[in-house]
Amino acid sequence: MAVNPDWSALTKMPMADHDDLPEQEELCFYDEVDLDEMDYDEGEGLFTYMCPCGDLFSISEEELAAGQEAAYCPSCTLVLRVMYQQEDLEEMLPPPAPTVEVAA
């Protein structure tokens, strides 16, 4: 008896979408990492950490400032818990650029 699976259904599956994930309190975290162990991209405003799948977990400055601690990988279902204190975040981020007023 030969088995001929229909693989076409798998090619139509959507990529990982994290918009419909449960709230942070309900998440099952892959691992925990301290914020100071993550890489910071000042241009993007993102903290990143290597995921076992080869992509990067990421969390933005704004998400951290809002109290979020879940960093998602865009390529798989793993979620990383970022451990930090608000005062640590303020020390790690560069100071805001000074505003320049333009005379009218």
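**Close-up 1. F47 and its aromatic partner Y40.** F47 is buried, at a relative accessible area of 0%. This model is predicted. Y40 and F47 form a tilted aromatic pair. Their ring centres are 4.6 Å apart, with 40 degrees between the planes. Y40 counts as partly exposed, at 27% relative accessibility. F47 also belongs to the largest nonpolar core, as one of the residues with the most contacts inside it.

**Close-up 2. The stacked pair of Y30 and F57.** The structure holds 2 aromatic pairs. In the pair of Y30 and F57, the ring centres are 6.2 Å apart and the planes stand at 20 degrees, so the pair is stacked. Y30 lies in the loop between α1 and β1, and F57 in strand β4, so the pair ties together parts that are 27 residues apart in sequence. Y30 is partly exposed, with a relative accessible area of 43%. F57 is buried, with a relative accessible area of 0%.

**Close-up 3. The nonpolar cores.** In soluble globular proteins, nonpolar side chains tend to be buried together. The largest nonpolar core here has 15 residues. Those with the most contacts inside it are L35, M38, F47, I59, L64 and V82. Strands β4 (56-60) and β6 each supply at least two residues of this core. A second, separate core has 5 residues, including F29, A70, Y72 and V79.

**Close-up 4. T48 in strand β3.** T48 sits in strand β3, which covers residues 46-50. T48 counts as buried, at 15% relative accessibility. The cut-off for buried is under 20%. Neighbours within four places in sequence aside, T48 is in contact with M38, D39, L56, F57 and S58. Among these contacts, F57 is the stacking partner of Y30. M38 is one of the residues with the most contacts inside the largest nonpolar core.

Close-up 5. Side chains of opposite charge can pair when their charged atoms come close. The whole structure contains 2 salt bridges. One joins the side chains of E32 and R81, at 3.3 Å from N to O. E32 lies in strand β1 and R81 in strand β6 (residues 79-83), so this pair ties together parts that are 49 residues apart in sequence. The side chains of E69 and R81 also meet in a salt bridge, at 3.0 Å from N to O. This pair links distant parts of the chain: E69 is in the loop between α2 (61-65) and β5 (70-72), R81 is in strand β6, and they are 12 residues apart. E32 counts as partly exposed, at 45% relative accessibility. E69 is partly exposed at 24%. R81 is partly exposed at 22%.

Close-up 6. How many disulfides does a search of the whole structure find? The count is 0. The sulfur of C53 is 3.6 Å from the closest cysteine sulfur, in C73, which is too far for a bond. A disulfide would need the sulfur atoms within 2.5 Å. C53 counts as partly exposed, at 42% relative accessibility. C28 lies in the loop between α1 (8-11) and β1 (31-34). C28 counts as exposed, at 71% relative accessibility.

Terms used:
Residues are numbered from 1 along each chain as its sequence is written. This is a predicted model: local features need pLDDT of at least 70, side-chain atom pairs count only at pLDDT 80 or more; totals for chains, interfaces and linings use all residues. Side-chain values use heavy atoms; hydrogens and water are left out. Buried means under 20% relative accessible area, exposed over 50%, partly exposed in between (1.4 Å probe, protein chains only). Helices (H or I, at least four residues) and strands (E, at least two) are DSSP runs, numbered from the N terminus. Contact means heavy atoms within 4.5 Å. A salt bridge is a side-chain nitrogen of Lys or Arg within 4 Å of a carboxyl oxygen of Asp or Glu. A nonpolar core is a set of buried Ala, Val, Leu, Ile, Met, Phe, Trp, Tyr and Cys residues joined through side-chain atoms within 4.5 Å. Rings of Phe, Tyr and Trp (its six-membered ring) pair if their centres lie within 6.5 Å; planes under 30 degrees apart count as stacked, over 60 as edge-to-face and the rest as tilted.
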